[in-house]
Amino acid sequence: MATESLNVKELYEKWILDAKTKLTEDNLVPRVKEYLIGQHPEICGKCAPCRDGVIKLEQLLDEYIDGKATIKTLKEIERLTYNLRASRCSVGLDIGKNMEVILDNNYHVLYKPVKKY
Amino acid sequence: MASITINGKTLKVKNGTTILKAAEQIGIEIPTLCFLEEINEIGFCRVCVVEVEDEQDLVSACNTEVANGMVIHTNSDKVKESRRATLDLLASKHRFDCWRCPKDGMCEFYDMLKEHDVVFEEFGPGIGRNDETIYGTGISQDLSKCILCKRCVAVCQEVVTANVLKFRDEDPLNPVVSPTPGLAFDESGCIFCGQCVKACPTGTLYETNHVDNVEDLLLEDNYVIAQIAEEARIGLREEFGYDMQDASFDDVFDQALKMIGFEETVSTGVGEDLHVRALGEELYQHMEEKKEEPLLSSWCSGFVRYSELYYGDNLDQLSSLRSPHILQGTLLKKQEHKAKDNVKVVSIMPCTSKKYEITRDELKLDGEQAVDYVLTVREIAKMIKRRGFDMSNIKVQDKKESPYSETRKSSNDLLGNVLAYVANKLNVPFEEPKYKVIHGERLVETEGVIEEATVKFGKAKYNVLRVSGGNAVKAMYKLLKETKKTYLFADVSHCASGCTNGGGQAIRHNVEMHEILKAREEAICAMHASTETTTNEFANNVFEGFFAESRDLLETSYSVKEFTKE
């Protein structure tokens, strides 16, 4: 747990405080997933966008890790990320905003493995 | 007052109004799922989210109050997309076996997915969050269908006041709503009123299935009698799309029952009149003995179980009489058809608690149940609809007239009937008591209602109570404990507005609850041409004959029921 917390802090500093920082292409997806898992203790389980949305985002990131992602995967990540704006409290809302920053800065990284041509 | 704009329309609303209510004022309907007015306004489901200009996030309309100058969009692309995504997420954790779901045809969640045209993208329809099923004698719960809206929890706590169902978030990523983990409903303090079943927007909570058992009875060599309560008649008319006051449907329905194999269909009128007569006697005795504590009615099995579970000290106040459908079941088996050994009685009730009541050992006749199964309005409607009958084309054949086929002779005010009987016995004129509401409001579920009246028997005056609804029952027990007034009698039902609002009644969406309750009450009144009680000679005869010899079949006993408190 201590390691996860450290990672969350590290990621927060990189993405939120310095939004221009980009992660390397090969470790982006695993580290974003690590960040999401690190948020589990904060999730209260009351609203669907956060409780179920975060788990689904992790599953979608797994598709990237397994090399099975398609353009649909990316679109779904986008959809669930924006849906976190409907969360009930700041936990979900913050995860959503962090994910938006990730998409803003690294869309090309996520797009590359799924583009057709 | 706050001036706000909703979808381009400017309006003024009172401060403190929620966005949902403000939108309703100008005819804009915002979809809701977990919302139950005054009962569950917690913004859990996020289906009612709307966009407010200058707010960076979407807000829930059901519990966000308006602020002056707010500009709200209830149907923007962002909102629509979010609703769909949330519904998609909820659906991904819901088991879809709709064709065999107890709520088939009345599922709010299904209707909502349809209305919002939810398309499953990456995650198809789910197999459920949890595959456990929790059983109970009156109600059961299939956790694979739960969408965690928490409506049932709010109803169980705020309306019924039993606090059985709880939202358990020990694992926040996979919470469950359930009674005490590891226990069935019977062991966790449930009274089986079924209000949670009505509140559930999916088929998670449902009345324990008796349909299959009744189907088996009909296939075997049995003489199966259906006894139908008046409130169930109203619910059935609703279920089949007839007007609530259209009595012509009753004969059609009875014919349909015969077509599926029931030998006889009767009303529960004899049982009710018999109960009124016996209760009149009991109340008279109660007065003769000058007991200080009131006599509490025992026809509502939910209330009886509630008292046994939560108010064990008050059990000696409960009337010792068995409930009307049990008395009538006894008569049908032990008197009317005593020559047959294959008689089975099925009660058609607006109540889920009766499913539990029939299994009580205290009510058995030499080990056999007086009533074999109880079908709710929804269950019997489903059984008939499954046969695919065209109800408008069913030819009603000659009805067999018997004392059991008639509706009760007592008027609608059952308490009034009992009091009138006592006045008659005392040989004093009876004046209809005038009731005054002392708790809650009539036709409103949340608080229930306690009505008080003073009744005069000659020179003597007595206070009586008419109580309905879980909160009102709790308030009544508090009142009886704390008041210096003495009360003679209380007529109690645990569901607000009584059996017309029972847990086994027809489920209606998109109609205000108090409107439905009012209409049902009017329909019940219309069933009785006269507001006066007339004597049911048949019920009197069996009271003085059959039951005078078998007093033990008329009365029952109560005991404190243990359950695991959390």
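Reply: The description below begins with the helix pair and then turns to the contact between the chains. The model is predicted, so local features need pLDDT of at least 70, side-chain atom pairs count only at pLDDT 80 or more, and totals for chains, interfaces and linings use all residues. Residues are numbered from 1 along each chain as its sequence is written, while chains are lettered from A and ligands numbered from 1 in the order in which they are written.

Helices here are DSSP runs (H or I, at least four residues), numbered from the N terminus; axes are lines fitted to C-alpha atoms over the stretch in contact, with angles from 0 to 180 degrees between N-to-C directions.

From helix 3 of chain A, A:Ala48, A:Pro49, A:Asp52, A:Gly53 and A:Lys56 meet B:Thr86, B:Leu89 and B:Leu90 of helix 2 of chain B; contact requires C-beta atoms, placed from the backbone, to lie within 7 Å. These residues divide into 4 nonpolar, 2 polar and 2 charged (Ala, Val, Leu, Ile, Met, Phe, Trp, Tyr, Cys and Pro are nonpolar, Asp, Glu, Lys and Arg charged, and the others, Gly among them, polar).

The contact between the chains takes 24 residues from chain A and 21 residues from chain B. On the side of chain B that touches chain A, helix 2 of chain B gives the most, with 5 residues. That side has 11 nonpolar, 4 polar and 6 charged residues.

Terms used: Two residues are in contact if their C-beta atoms, placed from the backbone, lie within 7 Å. Helices (H or I, at least four residues) and strands (E, at least two) are DSSP runs, numbered from the N terminus.
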